[in-house]
Amino acid sequence: MPYRFVTPVPKRAATGSVAAVYSASARELGALFAPHLSPAPDLHAALWAVLRESMLAGTVPRARKEAVAAAVAVVNRCPFCVDAHAAMLHATGSHDTADAITRGEAPDPLVAWARSTRSAAPDPWPFPAAQAPEYVGTALANHFINRMVDALRPGSLLPGGVLRTPSRRAAGLALARTVRRTIAPGESLALLEPGAGPASAWAGDGPVAAAWPAFERAARAGGALLGDTARAVVLDAVAGWRGEHPELGGWPGSALGAVPEDERPGARLALLAALAPYRLTESAVAAWRSSVGPRGDEELVRVLGFGAFAAVDRLAGRVAVAA
């Protein structure tokens with residue numbers, strides 16, 4: 001399936017952190033991690049570190065964290081991500097859980113919590129605080145990943161219709177050995193730039209606590225590509241968001257009235273990435289690329305990343321509390 005709007009760094013041409021992430025993710029995840037983010041290497045590496053240290057490493061069973069990721073993908077309406085995590089659940093042997101989640105059900109309190117993480121009033125944690133770095137980190141990382149996938153690689157991973165469930169099970173069978181691999185915590189931290197800042201309270205004091213500030217810094221950096229008014233309007237719009245999927249119609253144009261005309265294309269991209277990435281269009285990207293001189297793939301990834309993180313940060317303020 002081709003990527004939209006960006007050309008990922010090819011595996012054979014990758015160097016530095018991109019090559020390191022590709023190598024580690026092929027071994028530990030069973031696929032190259034987020035090639036569409038590779039034009040922004042620091043963001044690519046920091047997001048990999050958050051995902052690896054929360055969802056792949058740690059003490060919580062992988063199946064439980066895959067259930068969280070699958071449920072998040074369902075409420076975000078990210079078909080590619082639903083397929084990927086359902087396949088991983090099948091790989092762990094959690095066939096009934098995978099099928100229930102993809103039907104939109106919540107077979108247990110953990111899945112109900114994961115589904116609620118998009119809402120204005122998420123459920124209390126159904127797990128002890130010591131497991132928050134893994135569960136909360138998995139949920140928040142996947143909220144970001146879903147948005148960037150829907151923006152730059154939309155659509156399903158596997159065949160649809162009556163073939164979807166057997167296709168997910170077949171993909172899971174191929175990944176069964178990968179999900180049983182023991183992942184040593186902390187190995188991704190060498191990819192991160194030092195001095196990212198203090199960790200959030202939910203992240204504890206382990207590897208997730210080191211990875212999250214680096215991710216936050218890399219994601220927020222894209223805001224520098226927007227004008228001051230555009231950046232403020234995006235953040236204000238996201239602050240008022242309660243988890244709903246925006247209605248069709250004039251949005252997001254109706255939210256951009258206070259933004260100077262030359263800043264609107266960038267604000268539009270960031271708002272779409274935050275709240276409705278599946279509505280990103282070729283015309284919106286083309287308008288932004290030509291609005292303030294030539295813009296490349298790195299800048300596009302960073303603007304979209306800023307918007308996606310704005311939504312994740314909004315969710316984190318709600319989700320990252322025990323009750």
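Trainee: Where is the place of A34?
Mentor: Helices are DSSP runs (H or I, at least four residues; strands are E, at least two), numbered from the N terminus. This is a predicted model, where local features need pLDDT of at least 70, side-chain atom pairs count only at pLDDT 80 or more, and totals for chains, interfaces and linings use all residues. Residues are numbered from 1 along each chain as its sequence is written, and side-chain values use heavy atoms, leaving out hydrogens and water. A34 sits in the loop between α1 (16-28) and α2 (41-56).

Trainee: Is A34 buried or exposed?
Mentor: Buried means under 20% relative accessible area, exposed over 50%, and partly exposed in between (1.4 Å probe, protein chains only). A34 has a relative accessible area of 12%, so A34 is buried.

Trainee: What is phi of R77?
Mentor: R77 is in the loop between α3 (62-76) and α4 (79-91). At 52% relative accessibility, R77 counts as exposed. R77 is a residue other than glycine, yet its phi is positive, near 60 degrees.

Trainee: Which peptide bond is cis?
Mentor: Look at P252, in the loop between α10 (228-239) and α11 (264-275). Omega is near 5 degrees for the cis bond from W251 to P252.

Trainee: How many helices are in the protein chain?
Mentor: The pattern along the sequence is α-α-α-α-α-α-α-α-α-α-α-α-α. There are zero strands, and the helices number 13.

Trainee: What radius of gyration does the protein chain have?
Mentor: The radius is taken over C-alpha atoms, and the globule rule is 2.2 Å times the number of residues to the power 0.38. For 323 residues, a compact globule would be near 20 Å, which agrees with the chain's 19 Å.
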